[in-house]
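Subject: Structure handover and notes on helix packing

Dear colleague,

Please find below the structure I promised to pass on, together with some notes. I would be glad if you could read the notes alongside the coordinates.

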Amino acid sequence: MVVISDIIVQGVQMLLVLLLAPLLTGYVRKIKARLVRRQGASVFQPYRDLLRLLRKEVVLADNASWLFRVTPYITFAAIWVAAALVPTFATGLLFNWTADLIAIVALLGSARFFLALAGMDVGTSFGGIGSSREVMIAALAEPAMLLIVFCLALVAGSTQLSTVSHFLASSYVGLRVSLGMALVALFMVAIAENARIPVDNPATHLELTMVHEAMILEYSGRHLAMIELGAFLKLLLYVSLIACVFLPWQIALYGSGALSYTIGAGAYIAKLALAGFLLALFETATAKMRVFRVPQFLGAALMLGLLGTLLLFVSRSF
């Protein structure tokens with residue numbers, strides 16, 4: 001009976017992230033529209049777009065290989081698993097023992113790898129440009145992310161997310177400069193990984209500036225729906241990661257009961273709403289940078305992660 005209840009709670013978390021991911025994207029788009037005094041589409045528009053794509057027929061290029069066909073499902077599965085491993089409303093769930101920060105980075109890296117290969121598979125110029133730019137961004141974003149992981153591991157003594165969340169929620173931590181640097185670096189990496197402004201503009205299809213959109217121009221139908229849903233899940237994943245690590249309050253403990261789980265879910269939705277509003281405000285007030293300035297942007301995140309890690313090493317040596 002205990003195992004069945006654990007499976008149910010874990011399944012609820014997996015369904016929660018899957019259902020909330022399009023809503024978060026629609027909410028951010030709605031806030032951005034209202035900030036520039038436009039009506040904007042409904043917050044439920046991403047759901048309608050996904051259903052419309054699922055009903056459409058898949059159009060494939062003549063020279064598309066099996067890799068091009070299976071990549072949407074591989075990327076969606078990898079990102080969904082990574083998003084479901086991040087504690088949202090409760091910690092210590094059935095699969096939370098696998099919620100290791102390094103494993104999450106590896107899952108996201110594998111999804112990016114297959115998507116970059118699929119962008120080059122058909123042989124179009126835009127796909128090759130998008131894949132090369134994506135790999136350029138990944139070459140700096142992944143080391144920065146690993147340095148953030150090392151910084152958090154030095155503070156909490158573990159890379160397991162439930163342990164990190166419990167430790168940072170305790171009174172033993174306090175205010176630390178290294179954690180502030182890690183937070184800013186994680187925000188910069190999240191902006192780059194999700195192709196948001198100022199790194200990329202998800203609302204444009206201008207050929208010379210596209211990164212993520214250029215890789216998926218040849219996709220249609222259910223394949224495109226899987227990729228779009230994976231992109232929604234990735235945004236939710238990074239917001240959940242920031243909330244779990246740096247805003248770990250009101251996260252229910254394992255076995256604390258339905259009431260605590262409900263309060264934790266309500267707090268999680270409130271954190272998503274706050275993060276979505278701040279993201280929309282940041283994107284509205286920021287201009288997109290040139291593609292060749294992105295390495296400088298991510299280099300700053302890399303340096304912040306490195307300085308945070310070095311500060312912890314120095315403080316431990318004295």
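The notes below cover conventions, helix packing, a salt bridge, backbone details and the record annotation.

This is a predicted model, in which local features need pLDDT of at least 70 and side-chain atom pairs count only at pLDDT 80 or more, while totals for chains, interfaces and linings use all residues. Residues are numbered from 1 along each chain as its sequence is written, and side-chain values use heavy atoms, with hydrogens and water left out.

Helix packing

Two packed helices are described by the angle between their axes and the distance between the axes. Axes here are lines fitted to C-alpha atoms, for helices over the stretch in contact, with angles running from 0 to 180 degrees between N-to-C directions; helices (H or I, at least four residues) and strands (E, at least two) are DSSP runs, numbered from the N terminus.

Helix α7 (residues 177-193) packs against helix α9 (residues 221-246) at an angle of about 175 degrees, with the axes 10 Å apart. That makes α7 roughly antiparallel to α9 (angles under 35 degrees count as roughly parallel, over 145 as roughly antiparallel, 65 to 115 as roughly perpendicular and the rest as oblique). In contact (heavy atoms within 4.5 Å) are L179, A182, L183, L186, V189, A190 and E193 of α7 with K234, Y238, L241, I242 and F246 of α9. The residues of this contact divide into ten nonpolar, no polar and two charged, where Ala, Val, Leu, Ile, Met, Phe, Trp, Tyr, Cys and Pro count as nonpolar, Asp, Glu, Lys and Arg as charged, and the others, Gly among them, as polar.

The axes of α2 and α9 come within 7 Å and cross at roughly 155 degrees, which makes α2 roughly antiparallel to α9. From α2, the residues P46, L50, L53 and L54 take part, and the α9 side includes G221, R222, L224 and F232; the contact divides into nine nonpolar, one polar and two charged residues.

Helix α5 (residues 125-156) and helix α6 (residues 161-169) pack at about 60 degrees, with their axes 10 Å apart, and that makes α5 oblique to α6. Here L152, V155 and A156 in α5 meet T163, V164, F167 and L168 in α6, and these residues divide into six nonpolar, one polar and no charged.

Salt bridge and backbone

The whole structure has six salt bridges (a side-chain nitrogen of Lys or Arg within 4 Å of a carboxyl oxygen of Asp or Glu). One of them joins E134 to R112, with the closest N and O atoms 3.5 Å apart; E134 lies in helix α5 and R112 in helix α4 (residues 101-121), so the pair ties together parts that are 22 residues apart in sequence.

The peptide bond from I197 to P198 is cis, with omega near 15 degrees, and P198 lies in the loop between α7 and α8 (212-215). R37, although not a glycine, has a positive phi of about 65 degrees, and R37 is found in the loop between α1 (2-35) and α2 (45-55).

Record annotation

An unreviewed UniProt entry lists several spans as "transmembrane region", among them residues 169-192 and 294-314; its positions are given in the numbering used here, feature names are shortened, and annotations may be inferred rather than shown by experiment. In the model, residues 169-192 are 71% helix and 0% strand, with end C-alpha atoms 27 Å apart, whereas residues 294-314 are 100% helix and 0% strand, with end C-alpha atoms 30 Å apart.
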